[in-house]
Amino acid sequence: MRIEWDAVLVSALARALDHAGRRAPVRAVHLDPIGRRVSLYLRDAIWVWDLHPERTAFRILDPTDPPEEATRLPATVQAVTAPPDDRVIEVHFRRRRGRPAQVTLVLELIPNRENALVLHGEERTIRQLLRTRDEADRFVARGQVWEAPRPSGRQGVTEPLSLDAWLDRLLPLPPAERRRALIAGIAWTSPIVSASLLDEATEVDGPAARDALEGGWHRWVHLRRAALDLDAHDPALLLGRGSRTPQPYPLPVPERVIESAPDLLAAFRSAAEAAGAPPLPLLPGHLLERLDDALQRLNGRVSRLEAEFDRLDDPASVRAIGDLLLARFGEIRTGAASVTLDDFEGGKTDVALDPALSPDENARRYYDRAARLERAAERLPGLLDDARRESRRIEELRARARAGEVERAELEEALPEVGRSGHDPEAQTLPYRRYRSSGGLEIRVGRGAARNDALTFHHSRPNDVWMHTSQAPGAHVILRWDRDGAPPARDLAEAATLAAWYSKARTSGSVPVVWTRRKHVRKPRKAPPGSVVPDRVETLFVRPDRRLEERLREEVE
């Protein structure tokens, strides 16, 4: 499902949510940077925004308990607002207890720049966000004061554009250029409504164009009123532009109307039903991603086993070479790297030899290899069947999870089983994953909050390098280094990249990672699992990289 957002739809949705949700009790807010999803848990409903560029949507779901990753927010909804002629929604909260009293959830629905942020206080400091962004006109990061996207600067934002101003802007232009000028220069317009506003004015000139543009102006006045006034809504479900997803809208657009709706929120519900959208999986994105990773690794194991099985030589032919070496023992020169012998069928056979071994030892080497091939031929089919079976099970589990049919407990129970198949059983008893940097240094990555503590304080040395993302929860990372001075820059950057990859900032473009010696990390009394206080830290900025994670992991495997 993919909704196309324009300023009219965003403004109208804000007013509909303000009407439906004002003074509603709030339980929690969950920003899922991996799933690119925002869930606002109210007492009587859940408001969910999908902010992935390929599946932008909004839905209202029945209430459920928020996940443990959600941020508890004992508050009430004060108001839902939208800046004029923009694609930003602000949900304002007033805390019932705790500080700061004022909290704001901001949804930026601008295509390819979708983001969500939680702002604290009247100064509107960013405390949580989906994506850190360094844009041409602003820097969006945790700890910064939020700056709204630059206003459009189009005419007619706060005051209606007069008919004369409308005509002066559009009528002198060639017909083919009027659509672009309309969207670029006149507020509240978009590709969704441009055809209905211009009517035939993109094809004709002269008096006919003036009449068409005058009719478009009247429709634009009505469109602008619908964006700013809930009572002016006449919601409808429209045919989506260039996609199969129906488009909810506060007004009917000629030739695109599928059906009318009693209100805009009902139009959003109808759009989800008409698109056949499955129930939203409110499981945290990091669990779904772990499931994806597990399936990817299982499929990789299947491919490796299949390739290994296909490459198996015939044990009988390998053993026959050993027999030939023993039978032609006297013809083999010691120290030779190869020899050509008369075989038992009257032909010639070229045999590769190890120059460091005697002829009988070379024969023994071929016999040993034949024995290994026989054992592999017996073992590999069973391993391959097990891996394929496990892959199918996890693939079915993933499909059910993404369809919203799996409870969290079932998924978490299945994930350790995925880990046990295809990996060293001994590694599952350790509180960390093992990697090897390009320079040969061992990197240890914690397996969760409680295991982070074990890694940091029981599986590292005082002078090892300790790392953690500075603006997002994530794994503790230890780079094994017991010498004076900083580790090589490349090894340090690779360890920092793993810290970013195993954090909730995985989808960010640039992630700050702090590092220090492990001896400068302490755990306060009664601090929750995984919570530590580092001192004497330095900061690296890295980009999460799946390919690097796979390469360093493969070097260990």
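## About the model

The model is predicted, with local features requiring pLDDT of at least 70 and side-chain atom pairs counted only at pLDDT 80 or more, while totals for chains, interfaces and linings use all residues. Residues are numbered from 1 along each chain as its sequence is written, and side-chain values use heavy atoms, with hydrogens and water left out.

## Helix H6 and its cover

Helices (H or I, at least four residues) and strands (E, at least two) are DSSP runs that are numbered from the N terminus. Helix H6 spans residues 264-274 and is mostly covered, since eight of its 11 residues are buried, where buried means under 20% relative accessible area, exposed means over 50%, and partly exposed lies in between (1.4 Å probe, protein chains only). The buried residues of H6 are Leu-264, Leu-265, Ala-266, Ala-267, Phe-268, Ser-270, Ala-271 and Ala-272. Their cover includes helix H1 (7-21), strand E4 (57-61), strand E12 (236-238), E13 and E14.

The C-alpha atoms of Glu-273 and Gly-448 are separated by 38 Å, and the two residues are 175 residues apart along the chain.

## Salt bridges

Side chains of opposite charge can pair when their charged atoms come close. A salt bridge is counted when a side-chain nitrogen of Lys or Arg is within 4 Å of a carboxyl oxygen of Asp or Glu, and the structure holds 24 salt bridges. One of them joins Glu-108 to Arg-138, with the closest N and O atoms 2.7 Å apart. Glu-108 lies in strand E7 (residues 102-108) and Arg-138 in the loop between strand E10 (133-134) and strand E11 (139-140), so this pair ties together parts that are 30 residues apart in sequence. Both Glu-108 and Arg-138 are buried.

Another salt bridge is formed by the side chains of Asp-464 and Arg-480 (3.0 Å, N to O). This pair links distant parts of the chain, 16 residues apart, with Asp-464 in the loop between helix H12 (449-458) and strand E19 (465-469), and Arg-480 in the loop between strand E20 (477-479) and H13. Asp-464 and Arg-480 are both buried. There is also one network, in which salt bridges that share partners join Glu-108, Arg-113, Arg-133, Glu-135 and Arg-138.

Asp-386 forms a salt bridge with Arg-389, and their closest N and O atoms are 2.9 Å apart. Both residues lie in helix H9 (residues 359-402), where they are three residues apart, about one turn of the helix. Asp-386 is partly exposed because its relative accessible area is 43%, and Arg-389 counts as partly exposed at 46% relative accessibility.

## Residues in loops

Glu-255 lies in the loop between strand E13 (247-249) and strand E14 (257-260), and its relative accessible area of 80% makes it exposed. Phi of Glu-255 is near 70°, a positive value in a residue other than glycine. Asn-112, in the loop between E7 and strand E8 (115-120), also has a positive phi, near 65°, and is likewise a residue other than glycine. Asn-112 is exposed, with a relative accessible area of 57%.

Arg-43 is found in the loop between strand E2 (37-42) and strand E3 (46-50), and counts as exposed at 52% relative accessibility. Leaving aside neighbours within four places in sequence, Arg-43 is in contact (heavy atoms within 4.5 Å) with Pro-25, Arg-27 and Pro-63. The C-alpha atoms of Arg-43 and Thr-76, residues that are 33 apart along the chain, are separated by 9.8 Å.

Thr-497 is found in helix H13 (residues 489-501). Why does Thr-497 count as buried? Thr-497 counts as buried because its relative accessibility is 8%. When its neighbours within four places in sequence are left aside, Thr-497 is in contact with Val-542, Arg-543, Pro-544, Asp-545 and Leu-548.
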